[in-house]
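Student: I would like to go through the labels used for this model and test each one against its cut-off. Shall we begin?

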Amino acid sequence: MNQQTMNQRTIAEAINGGGLLVVAQWEAKEGEAERVAEILRGFLPEAQSEPGVKLFLISRARENPAQFLFYELFRDEAAFKAHQDSAHFKTYITGQALPLLAKRERAQYGLL
């Protein structure tokens, strides 16, 4: 499911039962933003289809296209760990994207 098909009902279903919310912000190194975006386009459908993922969105800043924002809702801590241990995370994120970043910040939240 991509952000164009998200609606209020789908969001309500995703947040039902709580979960672990992870918000991450990336900034690509000078000249690497398009390559990072290409990597993320390959990664996103695989991340969204993980069994423990309730919602997974990646957006790109309009004013600074080198900045990316991740909004990830996992069923629980175990689902987040499984996400980080997945082959597609290791290939796309660890192996390809992270070396192209100037900045990476991440925070975890519980839903109210």
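Student: How do the residues of the lining of the largest cavity divide by class?
Tutor: Nine are nonpolar, two polar and three charged. Ala, Val, Leu, Ile, Met, Phe, Trp, Tyr, Cys and Pro count as nonpolar, Asp, Glu, Lys and Arg as charged, and the others, Gly among them, as polar. This is a predicted model: local features need pLDDT of at least 70, side-chain atom pairs count only at pLDDT 80 or more, and totals for chains, interfaces and linings use all residues. Residues are numbered from 1 along each chain as its sequence is written, and side-chain values use heavy atoms, with hydrogens and water left out.

Student: What makes a space a cavity?
Tutor: On a 1 Å grid over the protein atoms alone, a cavity is a set of points where a 1.4 Å probe fits but cannot get out; lining residues have an atom within 4 Å of a point. The structure holds one cavity of 30 Å³ or more. The largest cavity has about 110 Å³ of space. Grid points are joined across faces, edges and corners, and the volume is the space filled by probe spheres set on the points.

Student: Which of the lining residues are closest to the centre of the largest cavity?
Tutor: Of the 14 lining residues, Glu 72, His 83, Phe 89, Arg 104 and Arg 106 are the closest. At least two lining residues come from each of β1 (20-28), β3 (67-74), α3 (77-85), α4 (87-97) and β4 (101-110). Helices (H or I, at least four residues) and strands (E, at least two) are DSSP runs, numbered from the N terminus.

Student: Why is His 83 called buried?
Tutor: Buried means under 20% relative accessible area, exposed over 50%, partly exposed in between (1.4 Å probe, protein chains only). His 83 has 1%, so it is buried. His 83 lies in helix α3. Not counting residues up to four places away in sequence, His 83 touches Phe 43, Ala 47, Glu 50, Phe 56, Glu 72, Phe 74 and Phe 89. Contact means heavy atoms within 4.5 Å.

Student: What makes α3 and α4 oblique to each other?
Tutor: They pack at an angle of about 60 degrees, with their axes 5 Å apart. Axes are lines fitted to C-alpha atoms, for helices over the stretch in contact, and angles run from 0 to 180 degrees between N-to-C directions. Under 35 degrees counts as roughly parallel, over 145 as roughly antiparallel, 65 to 115 as roughly perpendicular and the rest as oblique. The pair is therefore oblique. His 83, Gln 84 and Asp 85 of α3 meet Ala 87, Phe 89 and Lys 90 of α4. By class, that contact has two nonpolar, two polar and two charged residues.

Student: How do you know whether Phe 68 is buried or exposed?
Tutor: Phe 68, in strand β3, has 4% relative accessibility, so it counts as buried. Its contacts outside four places in sequence include Trp 26, Leu 40 and Arg 60.

Student: What is the label for Leu 111?
Tutor: Partly exposed, because its relative accessibility is 30%. Leu 111 is in the segment after β4. Leaving aside neighbours within four places in sequence, Leu 111 is in contact with Ile 15, Gly 18, Gly 19, Leu 21 and Leu 73.

Conventions
1 Å grid on protein atoms, 1.4 Å probe; cavity = no way out; pocket = protein on both sides within 12 Å on 5 of 7 lines; lining within 4 Å.
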